[in-house]
Each structure stands twice: as structure tokens, then as C-alpha cells.
Amino acid sequence: MSLKRCNGWVLAGVLLCAAPAQAEVIQITAEFSPDPSRPHVNEFKNTTRNSGYCERLPSECKRWGIFSLGTSITMESARSIVANHPDPRQGAIFSVPAGWRDVSVTNESGQSFTVQVRIAGIGGA
């Protein structure tokens, strides 16, 4: 077997084992009502319905001032994931952008503005 053919087989094996990417679009809603007596406060009030964790444990989320979004994204492992393994590649690896991101929002009048949001955490069951 030539090296070129061997590399082709390795590549085919990797492609067969790779899981397909999944994504979901979730609409997040918020209200902004400026208070002339507090011009330095520029916070949005989240009006998105809780789902996932905060839907099941609303008192915990209220206590911490957080909300959650559940998705229908699923993952299955071909084998068990051992706890405390020495090699990070033996476990599940998720990459989530945790930095602030600029997002364009549009109000009911059609005006667009840029706000900043970030993902504070990710979980699974």
C-alpha cells in the first residue's frame, strides 16, 4: 500500500467518525426604557421566556440574576467518557465564545442599534 493511499484511508476514517455540526436559532427579546433620573444606567430588561435550567429551577435563577435557554441540540458518545482522564482528547470538548460580542438589534420602529452580549456559561444533561 502506498503512503498516499494510506493517508486517504486515514482521512476517510476520520470523516466517518466525525459528528455532524448542529445549530439552533433562538430569538432573545428585551426592553430598554431609559430613566432620565438615572442617565448612567443603560440596562435592558430581558423579556425572553426561560427554558432549560431556569424553567425547572426559577428560584435559583432569580437568586443569581440569570436566565437560561434550552435547545434541542443533542449529542451521543460512541463510548463512555471517563472522569478525571489524563488526556483532554479522551473527553467531550466544547468551544463556546465567552467574550463580549457586538450584536445588532432593531426596535419596533425599525431603528438598529449595536449592543454587547456574552455567554456566561453552558451546561448539559
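The following conversation discusses a predicted model of a protein chain.

Student: What about the contacts with a separation of 6 or more: what share comes from residues 24 or more positions apart?

Tutor: Such pairs account for 14% of those contacts in the protein chain.

Student: Changing topic: which cysteines form a disulfide?

Tutor: Cys54 and Cys61 do, with their sulfur atoms 1.9 Å apart. The structure holds one disulfide.

Student: Which handedness does it have, and why?

Tutor: The disulfide of Cys54 and Cys61 is left-handed, because the torsion about its S-S bond is about -90°.

Student: Are those cysteines buried or exposed?

Tutor: Cys54 is buried, at a relative accessible area of 2%. Cys61 is likewise buried, with 2% relative accessibility.

Student: Now the charged side chains. How many salt bridges are there?

Tutor: The structure holds three salt bridges. One of them joins Arg49 and Glu55, at 2.9 Å from N to O.

Student: How accessible are Arg49 and Glu55?

Tutor: Arg49 counts as exposed, at 59% relative accessibility. Glu55 is partly exposed, with a relative accessible area of 46%.

Student: Which residue does Arg63 meet in a salt bridge?

Tutor: Arg63 meets Glu60, with an N to O distance of 3.3 Å. The two residues are three apart in helix α3, which spans residues 58-64, so about one helical turn separates them.

Student: Are Arg63 and Glu60 exposed or partly exposed?

Tutor: Arg63 is exposed, with a relative accessible area of 57%. Glu60, at 27%, counts as partly exposed.

Student: And what is the N to O distance between Asp35 and Arg38?

Tutor: That salt bridge, between the side chains of Asp35 and Arg38, has an N to O distance of 3.8 Å. Asp35 is partly exposed at 32% relative accessible area, and Arg38 is partly exposed at 43%.

Student: On to Thr48. Where does it lie?

Tutor: Thr48 lies in the loop between β2 (45-46) and α2 (53-56).

Student: Is Thr48 buried or exposed, and why?

Tutor: Thr48 has a relative accessible area of 13%, and it counts as buried because the limit for that class is under 20%.

Student: Which residues does Thr48 touch, leaving aside those up to four places away in sequence?

Tutor: Thr48 touches Gln27, Ile28, Thr29, Phe67 and Leu69. As for Thr29, its backbone nitrogen lies 2.8 Å from a polar atom of the Thr48 side chain.

Student: Which residues make the nonpolar surface patch?

Tutor: Ile26, Ile28, Phe67 and Leu69 make that patch, which covers about 310 Å². Among these patch residues, Ile28, Phe67 and Leu69 are also touched by Thr48.

Student: Where does Ile26 lie, and how accessible is it?

Tutor: Ile26 lies in the loop between α1 (3-17) and β1 (30-31). At 31% relative accessibility, Ile26 counts as partly exposed.

Note on methods
Residues numbered from 1 in each chain as written. Predicted model: local features only at pLDDT ≥ 70, side-chain atom pairs only at ≥ 80, totals over all residues. Heavy atoms only, no water. Salt bridge = Lys/Arg side-chain N within 4 Å of Asp/Glu carboxyl O. Buried < 20%, exposed > 50% of the residue type's maximum accessible area, 1.4 Å probe, protein only. Helix = DSSP H or I, 4+ residues; strand = E, 2+ residues; numbered from the N terminus. Polar contact = N/O pair within 3.5 Å; in protein donor to acceptor, adjacent residues only side chain to side chain. Contact = heavy atoms within 4.5 Å. Disulfide = S-S within 2.5 Å. Patch = residues over 30% accessible without salt bridge, like charges linked within 9 Å, V, L, I, M, F, W, Y side chains within 5 Å. Areas by Shrake-Rupley, 256 points an atom, 1.4 Å probe, with all protein chains shown as cover.
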